[in-house]
Every structure is written in C-alpha cells, then in structure tokens.
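Here is a friendly walk through a two-chain structure, one topic at a time. Have the viewer open as you read.

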Amino acid sequence: MTSENILIQVDQLSRFFGPLRALGDISFEVKKGEVLGFLGPNGAGKSTTMQILSGNLAPSAGRVLIDGIDLLDQPKQAKALLGYLPDQPPLYRELTVDEYLRYCARLNRIPAAQRQSALDVAKQRCGLTEVGKRLIGNLSKGYRQRVGIAQAIIHSPAVVILDEPTVGLDPIQIREIRSLIAELRDEHSVILSTHILPEVQAICDRVQIINKGQLVLSDTIAGLQQRMRGESLWLTMRQPPEQAALEKIVGEGKVESLGDGHFRIHAEQLEQQAERVVNEAVANGWGLYEIRPERMNLEQIFVDITSSEHGVDEERAVS
Amino acid sequence: MMAFTIAGRELRSLFLSPLAWSILAVVQLILAYMFLTQLDLFVALQSRLLGMAGAPGATEIIVAPLLGNAAVVLLLVVPMLTMRLVSEERRAQTLSLLFSAPLSMSEIVLGKFFGVMAFLLIMVLMIVLMPLSLLFGGSIDLGMLLAGVLGLVLLLASFAALGLFMSTLTEQPTIAAVSSFGVLLLLWIIDWAGGNASGSGSAAQASELFAYLSLLRHFESLLKGVFDSGDVIYYLLFVALFLGLSIRRLDADRLQH
C-alpha cells in the first residue's frame with residue numbers, strides 16, 4: 001500500500017438502522033488530489049456514507065482511515081483533516097457571514113494569528129467577499145451554499161466532503177460551485193455525492209455508483225466514457241430506400257427500420273459504416289439529413305447498473 | 001479551551017434574539033416589585049424591631065425572600081433558555097458542524113452549559129444589585145448575602161444542567177422546556193411527600209430521603225446563611241450527573257441504536 005498517496009481508506013464499512021441495512025461492506029480509497037463522485041438514487045446510502053466519513057455517524061462495522069488516522073480511535077486528530085458540508089448547510093442564521101466563519105475557524109483550532117487570513121482566503125475562494133457583513137438568514141440559497149462550502153474549507157483540510165453541493169441552485173450558481181470544486185482539487189481531495197449525472201462527468205476523476213447500500217460500480221471517468229462508447233448509428237432520411245438496400249451496404253450489421261425514415265444500424269466499426277452510408281445516400285439521393293452515433297450516456301449506464309442489480313436481487317429472492 | 005468558544009457563540013446568539021432581553025427585563029421587573037414590597041415591610045416593621053433583642057435584620061427580611069423568590073421565578077425561566085440548546089441545533093441540522101469539527105462531546109456539552117451559565121450569571125448580577133443598593137442607606141450582612149447568592153448560582157447551575165439534558169433528548173424545543181420544567185418542579189416539591197408522616201417507620205425514612213433529594217431544601221439552608229459543604233456537593237453532583245448524561249446522549253446519536 002502506498003500510504004502516502006492515499007488520503008481516505010474505507011474498509012468494509014457497514015451501517016444498520018435497526019434491521020435496515022443502509023450500507024453493506026463498502027470499501028474504497030481516495031488518493032491525494034482526486035475528486036471522487038458518489039452517485040446513487042435517493043436512499044441508496046450516499047448521505048449515510050458521507051456522515052460516517054465525516055464522523056457524524058459511527059459505522060456498525062468497518063473502519064475509516066483519514067491520512068492513516070483511524071476516525072473512531074482518534075476522532076479529534078482525524079476530524080482536523082476533514083471539512084464537511086452536509087446536505088443541509090449547518091448555518092446559524094442569526095450570525096453574519098464573517099461571525100459565522102470566524103466561529104468555524106476557532107472550532108477548527110486555527111491559531112488566532114492566522115484566523116483572519118484563513119477567513120479572507122475562504123471568503124475569496126467562495127466569492128463571499130461582498131457579503132461578509134450580511135446576516136446568513138438574509139442570504140439567497142446559493143450564497144448560503146457557498147458559506148457552507150467556505151465553512152468546510154476554512155481550515156484547508158486534506159479532505160473535503162460535500163454532500164449534494166449543488167441541489168436547489170440555479171444553473172449559473174451550479175456552474176460557479178462546480179468551478180469552485182475544480183479549484184479545490186489543487187489542494188484538497190474531494191468526495192462529492194450527487195444524483196446529478198452530468199455533474200460527475202464535469203468535475204470528477206472517479207465515479208462510484210452506490211445502490212441499496214452496495215457499491216455497484218467504481219471506475220474512472222475515462223473508463224466510464226469507454227462504457228458509453230457508441231454501438232449504433234441513427235439515420236433519418238427524406239426519401240428512404242428499401243431496408244434491403246441499407247442492409248447491403250452495412251453487410252454483417254443489422255438494420256432496424258423505425259418508420260418515418262428513421263433507421264438504426266448496429267454494426268462493428270461504426271465510423272467506416274457511417275462513411276459508407278453517407279456516400280451511398282449522396283449517390284442515390286436518399287435525402288439523408290440526420291446521422292449520429294448513438295452513445296449510451298451516463299444516465300443509461302446508471303439506470304442499467306442500478307436496475308440490473310435490482311433484477312438480480314429479485315431473481316435471488318425468487319429462487 | 002474550545003468549550004469557551006462554543007459558550008461565546010451560545011451567549012451571542014442568545015443576545016441576538018429578543019428572548020434573552022425580554023427575559024432579563026421581565027425577571028428584573030418582577031423581582032424589583034418583590035424587592036420593593038419587602039423593603040416596604042421592613043420600613044413598617046423597623047420601629048418595632050428596634051425594641052426587640054435578636055430581631056431579624058434587613059438581610060433576613062429583604063434579601064433572603066428576594067433570593068428565594070428569584071429561585072422560583074427562574075424555575076420557570078431557565079427551561080425556556082435551555083430548551084433550544086441542542087434541540088434547535090438538531091432541528092436546524094447545525095449539530096453536524098460541531099460533530100465534524102475536531103471537538104470531543106464533553107467540550108460541546110460543557111460549551112453549551114457555560115453559555116447558559118454566563119447568561120444566568122449576568123441575571124444574578126442584576127438581581128444582586130438590588131440588595132447591594134441598600135448599602136447606600138444602611139448595612140446588610142454581606143456574608144449572608146454571599147451564601148444566598150452562592151446558593152442561587154448553584155441552584156441555577158442545576159436547573160441549566162437538567163434543562164440541557166432534556167434538550168438533548170428531543171428535536172422539539174417546547175417538549176424540552178415542558179419536560180425540564182416538570183422535572184424541576186417535581187424535584188422542588190418532592191419533599192412534600194410524607195411531610196405530615198411524622199414519627200418513625202418506612203414512611204418517615206422515605207420522606208427524609210425525598211427531603212434530601214429536594215432542590216429546595218439545600219437552597220433554604222444557604223439562604224439562611226448556613227454554609228454546609230454537603231449542600232454544595234449535592235448541587236455539584238446534580239450538575240455533573242446531568243452533564244454526564246447529556247454527553248452520553250449526544251454520543252448515542254452517532255452510535256448504533
């Protein structure tokens with residue numbers, strides 16, 4: 001194990017709520033400077049995982065090491081390396097942004113001499129410089145979210161844990177928060193949970209999909225792109241030929257006629273097929289006006305994985 | 001120490017809400033009225049007292065009842081101050097800020113407790129100013145006053161510790177307030193049980209036990225100016241017990257249950 005590079009190590013984590021198993025035997029690692037996306041449908045165990053990682057919840061079994069320090073055995077030392085934004089930002093509405101962040105700085109034991117500069121840096125990074133004197137209760141939701149993030153990074157922890165940081169924000173705010181997270185990766189490892197898939201594609205290095213308390217996929221974004229590779233071509237033509245004519249061009253591939261001039265072609269080596277189809281279409285005047293490779297998007301993979309898992313479960317239950 | 005950071009925030013938040021100010025104002029008003037009626041009584045009795053040997057002085061007639069009344073009024077008020085301590089944070093989900101910071105549970109609980117105590121000490125200070133104003137026109141028994149104030153502070157610390165514990169039990173501040181008021185009142189009057197069961201036997205023994213448990217009994221002797229370390233230890237144990245229970249309760253939030 002190259003321990004100097006692994007900031008978070010999670011070993012066979014389980015958590016029960018009464019008879020309900022929220023998490024079962026989850027293990028993973030996060031390296032330095034990595035942004036890990038945690039994906040899953042509602043109730044999959046994302047927030048539970050985040051709560052355990054941040055020390056808000058004790059696991060029923062398993063252990064969490066933050067930079068080699070056991071979160072259960074030495075909670076104070078381990079928590080000093082953590083910044084956590086829960087799904088509901090923990091803000092005191094009656095305080096101003098400055099007062100609140102100063103309080104957080106003190107809670108995280110930042111020495112008095114460095115407090116002001118830590119406060120300034122956190123405010124500047126989260127775009128809060130203008131609102132320092134305003135009451136948190138009077139801020140908009142987007143700004144409150146930013147205060148929540150500022151709170152999580154004020155002591156520049158090694159690991160930042162963000163639980164659904166973009167929920168309920170408008171598209172511009174979402175983009176701002178995303179660029180903020182992208183900046184964070186320079187100095188911190190980030191764990192991020194979300195159920196918004198493009199978000200993961202946009203900012204994460206690695207993805208883990210969790211469903212019913214189980215890790216069902218753990219892959220890099222590149223690996224994920226690989227899974228999304230196209231397997232079919234989509235054609236639309238104004239004067240479509242007979243299906244047989246298309247089948248002749250495609251050769252070994254399969255052609256599906258979908259009516260209204262729409263066709264789908266499944267074949268190996270799609271690029272070459274596409275080229276051939278276009279050439280033929282132009283030569284024969286089929287009026288081809290739409291051709292695109294059909295890619296599986298993250299959403300389909302997600303549904304695929306989570307629902308197939310579901311199917312397996314049900315089969316097991318039946319047999 | 002981290003507990004003082006939390007206490008400072010707690011105190012600040014109290015004074016940022018109108019609750020603290022209105023409580024201070026109302027308590028001061030009511031106690032000032034009581035103080036003045038006692039003062040009136042003393043002035044009326046003064047000529048007769050002069051002729052008596054070993055007659056009660058100003059301190060017995062004015063200060064002791066004032067502090068006694070203050071205890072009763074604060075029995076009603078303290079639950080309103082402590083109810084929000086944890087339950088409000090739990091409801092607003094701000095507790096995770098404390099849980100994910102490098103703090104131990106005891107620091108969190110002590111911080112909350114010190115925050116309320118700081119407020120209550122301010123209140124006691126305001127109350128004590130009234131008897132101290134008598135120094136302009138005469139003399140009072142400062143030792144007795146001191147014993148009474150010590151009793152009041154210890155009593156309030158017990159109220160606060162119990163209120164804090166009740167607040168850790170629930171998400172609803174009102175439930176915390178009602179239950180801490182209920183328990184405090186019960187502990188206040190618990191010595192009524194068997195109060196007329198004189199003589200010997202198990203009933204008398206039980207009544208003695210209940211009398212010992214009563215929050216009021218230990219306060220009364222301090223009010224009379226009798227400093228018994230047993231009374232002080234009783235209050236300290238009471239506070240330690242409920243702070244300990246609060247720590248256990250907050251710890252249990254994280255654990256399996």
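## Before we start

Two residues are taken to be in contact if their C-beta atoms, placed from the backbone, lie within 7 Å. Please keep in mind that this is a predicted model.

## Helix H10 of chain A

Let us begin with helix H10 of chain A, which covers residues 270-284. At 1.5 Å a residue, its 15 residues should span 21 Å, and because the end C-alpha atoms are 21 Å apart, expectation and model agree.

Which residues of H10(A) are buried? They are A:Gln273, A:Val277 and A:Ala281. In general, an α-helix has 3.6 residues a turn, so residues three or four places apart point the same way. Looking down the axis of H10(A), we find its buried residues within an arc of 65°, so they line one face of the helix. That buried set packs against strand E11 (232-237), helix H9 (243-250), strand E13 (262-266) and strand E14 (288-294) of chain A.

The other side of H10(A) carries the exposed residues A:Glu271, A:Gln272, A:Glu275, A:Asn279, A:Val282 and A:Ala283. After the helix comes A:Gly285, with a positive phi near 65°.

## Two positive phi values in loops

Most residues other than glycine have a negative phi. A:Asp67, which is not a glycine, has a positive phi of about 50°, and its place is in the loop between strand E4 (61-66) and strand E5 (69-70). A:Arg109 also has a positive phi, near 60°; this residue is found in the loop between helix H3 (97-107) and helix H4 (112-125).

Are these residues buried or partly exposed? A:Asp67 has 20 other C-beta atoms within 10 Å, so it is buried. A:Arg109 counts as partly exposed because it has 14 C-beta neighbours inside 10 Å.

## Chain B as a whole

Chain B has 11 helices and 0 strands, and its pattern along the sequence reads α-α-α-α-α-α-α-α-α-α-α. The C-alpha trace spans about 70 × 50 × 30 Å along its principal axes. A compact globule of 257 residues would have a radius of gyration near 18 Å, and the 20 Å of chain B agrees with this.

Of the 257 residues in chain B, 39% are buried.

## Nonpolar cores

The largest nonpolar core has 137 residues, and B:Phe113, B:Ala160 and B:Ala161 touch the most other members. Helix H7 (residues 142-169) of chain B gives the most to this core, with 16 residues. What does B:Ala161 contact, leaving aside its neighbours within four places in sequence? Its partners are B:Phe113, B:Phe238, B:Val239, B:Phe242 and B:Leu243.

## Where the chains meet

How many residues does each chain bring to the contact? Chain A gives 23 residues and chain B gives 18. On the side of chain B that touches chain A, the elements giving two or more residues are helix H1 (2-16) and helix H5 (95-100) of chain B. By class, this side of chain B has 9 polar, 7 nonpolar and 2 charged residues.

Note on methods. Residues are numbered from 1 along each chain as its sequence is written. Chains are lettered from A and ligands numbered from 1 in the order in which they are written. This is a predicted model: local features need pLDDT of at least 70, side-chain atom pairs count only at pLDDT 80 or more; totals for chains, interfaces and linings use all residues. Helices (H or I, at least four residues) and strands (E, at least two) are DSSP runs, numbered from the N terminus. A residue is buried if 20 or more other C-beta atoms lie within 10 Å of its own, exposed if 12 or fewer, and partly exposed in between; C-beta atoms are placed from the backbone. Ala, Val, Leu, Ile, Met, Phe, Trp, Tyr, Cys and Pro count as nonpolar, Asp, Glu, Lys and Arg as charged, and the others, Gly among them, as polar. The expected span of a helix is 1.5 Å times one less than its number of residues. The arc is that of the directions from the helix axis to the C-beta atoms. The radius of gyration is taken over C-alpha atoms; the globule rule is 2.2 Å times the number of residues to the power 0.38. A nonpolar core is a set of buried Ala, Val, Leu, Ile, Met, Phe, Trp, Tyr and Cys residues joined through C-beta atoms within 7 Å.
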